[in-house]
Amino acid sequence: MVALTHDSAARIRTGLLFALASATSFGTSGPLARGLMDAGWSAAAVVAARVLLAGVVLLPLAIHQLRGNWQLVRDNARLITVYGLIAVAGTQLAYFNAVARMEVGTALLIEFAAPIAIVGWLWARHRQRPGAATIAGAALGITGLMLVLDVLSGVSTDPIGIAWALGSMVGAAAYFLLSAEGGALPGTVLAAGGLLIGGLILLLAGALGIVSLHATTNPAEFAEFTTPWWIPILLIGIVTAAIAYVTGIAATRRLGSRLASFVALTEVLAALLFAWALLGEAPRPLQLLGGTLILLGVITVRLGEPEPLPLGTPETPADTAILSDFADSPQRD
């Protein structure tokens, strides 16, 4: 029993480290992308380049981890495809269309309400009623998000924009639920396949005119320096996508989709700090207070979480059934 408790604690610590690494990596994407967009890149072009480069970078490692076991890919082909369609491409497309009709802060607030959607999903479909700590942590986290994103200064009521933002929230929630799937499928394989599929879908969306795709070779300017365009592209592809997605999957498989999604709220705080460092946008005291509330919310949710099952064991019925809710087929072992 002591060994089991020690192993559980070690898994939680490792999972939290992976989750924070993922949130920090994701958080650098905004400031880096801002420099590219100021240089003439469209937002969709930045994201397409980001996920495709990440997929290409991860592909050799994914192939090595498979060790010739391509049956594992065939058995999980639906998971990888749905991950690319919904968690990668669907989330990005919905978010782009949302910010075209409403304030960025409001769209982000709705998207980052994904942990609430996960709690609601587990409750409504699997009768996993949230405890008092989860509810309190959710309230703290969402309040902190509102302060960090400063949505009170301007809230859009465009119904189409809100609908697209809700779509991005569903995609973000699916990211965590699907990341817990796969069993023996290495997280790197899931990430590489999903990113490549998602990137190709974004390119197709650009070709069809659903999103705007255009890029330049102009240098990217930041607060204290100017750099060639390819440097932030490499950082966006390797750090904010390849590392972020792999560590995010690893975190979710250790912490479970619910807790991992709450820890991911720290991405907004990381983005705030990187915007300060790279763009010279100093956070206001109210935003720092919001960041503190987010951290308190994560801690509160963690205190209310049950002990996790051994690594590789599905955390909840939701984690083993989520694919069957996206596709009409039985879940594979």
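Mentor: Start with one term. Two residues are in contact when heavy atoms of theirs lie within 4.5 Å. This model is predicted.

Trainee: Which residues does S25 touch, beyond those up to four places away in sequence?

Mentor: V239, T240, I243 and A244. S25 itself sits in helix α1, residues 2-27.

Trainee: Why is S25 called buried?

Mentor: Buried means under 20% relative accessible area. S25 has 8%, so it is buried.

Trainee: What share of the contacts joins residues at least 24 apart?

Mentor: 88%, counting contacts between residues at least 6 apart in sequence.

Trainee: Which members of the largest nonpolar core touch the most other members?

Mentor: Y83, L145, Y175, L185, L190, L195 and Y245, out of 73 residues in that core. Helix α5, residues 77-99, gives this core its largest share, ten residues.

Trainee: What does Y83 contact, leaving aside neighbours within four places in sequence?

Mentor: V88, Y175, L178, S179, L190, G194, Y245 and I249. There is also a second, separate core of eleven residues; A33, L36, F222 and L278 are among them.

Trainee: What makes R34 and D38 a salt bridge?

Mentor: The cut-off is 4 Å between a side-chain nitrogen of Lys or Arg and a carboxyl oxygen of Asp or Glu. The closest N and O atoms of R34 and D38 are 3.4 Å apart. That falls within 4 Å, so the pair qualifies. A search of the whole structure finds one salt bridge.

Trainee: Where do R34 and D38 lie?

Mentor: Both are in helix α2, residues 29-38. They are four residues apart, about one turn of the helix.

Trainee: Why do residues three or four places apart in an α-helix point the same way?

Mentor: An α-helix has 3.6 residues a turn, so such residues point the same way.

Trainee: Why is D38 called exposed, and why is R34 called partly exposed?

Mentor: Exposed means over 50%. D38 has a relative accessible area of 56%, so it is exposed. R34 has 36%, so it is partly exposed.

Trainee: How do you know that the length of α14 agrees with its 19 residues?

Mentor: At 1.5 Å a residue, α14 should span 27 Å. Its end C-alpha atoms are 27 Å apart, so the two agree.

Trainee: Which residues of α14 are buried?

Mentor: Q287, G290, G291, L293, I294, G297, V298 and V301. Seen down the axis of α14, they fall within an arc of 160 degrees, so they line one face of the helix. P285 and L303 are exposed on the other side. The buried residues of α14 pack against α8, α12 and α13.

Trainee: Where is R284, and what comes on either side of its loop?

Mentor: R284 is in the loop between α13 (266-279) and α14 (285-303). It has 41% relative accessibility, so it counts as partly exposed. R284 and V148 are 136 residues apart in sequence, yet their C-alpha atoms are 8.7 Å apart.

Trainee: Why is I116 called partly exposed?

Mentor: Its relative accessible area is 35%, so I116 is partly exposed. I116 is in helix α7, residues 114-126. Leaving aside neighbours within four places in sequence, I116 contacts A138 and I142.

Trainee: What stands out about the phi of R67?

Mentor: It is positive, about 50 degrees, although R67 is not a glycine. R67 lies in the loop between α3 (43-66) and α4 (70-75).

Trainee: Why does R67 count as exposed?

Mentor: The cut-off is over 50%. R67 has 67% relative accessibility, so it counts as exposed.

Conventions
Residues are numbered from 1 along each chain as its sequence is written. This is a predicted model: local features need pLDDT of at least 70, side-chain atom pairs count only at pLDDT 80 or more; totals for chains, interfaces and linings use all residues. Side-chain values use heavy atoms; hydrogens and water are left out. Helices (H or I, at least four residues) and strands (E, at least two) are DSSP runs, numbered from the N terminus. Buried means under 20% relative accessible area, exposed over 50%, partly exposed in between (1.4 Å probe, protein chains only). The expected span of a helix is 1.5 Å times one less than its number of residues. The arc is that of the directions from the helix axis to the C-beta atoms. A nonpolar core is a set of buried Ala, Val, Leu, Ile, Met, Phe, Trp, Tyr and Cys residues joined through side-chain atoms within 4.5 Å.
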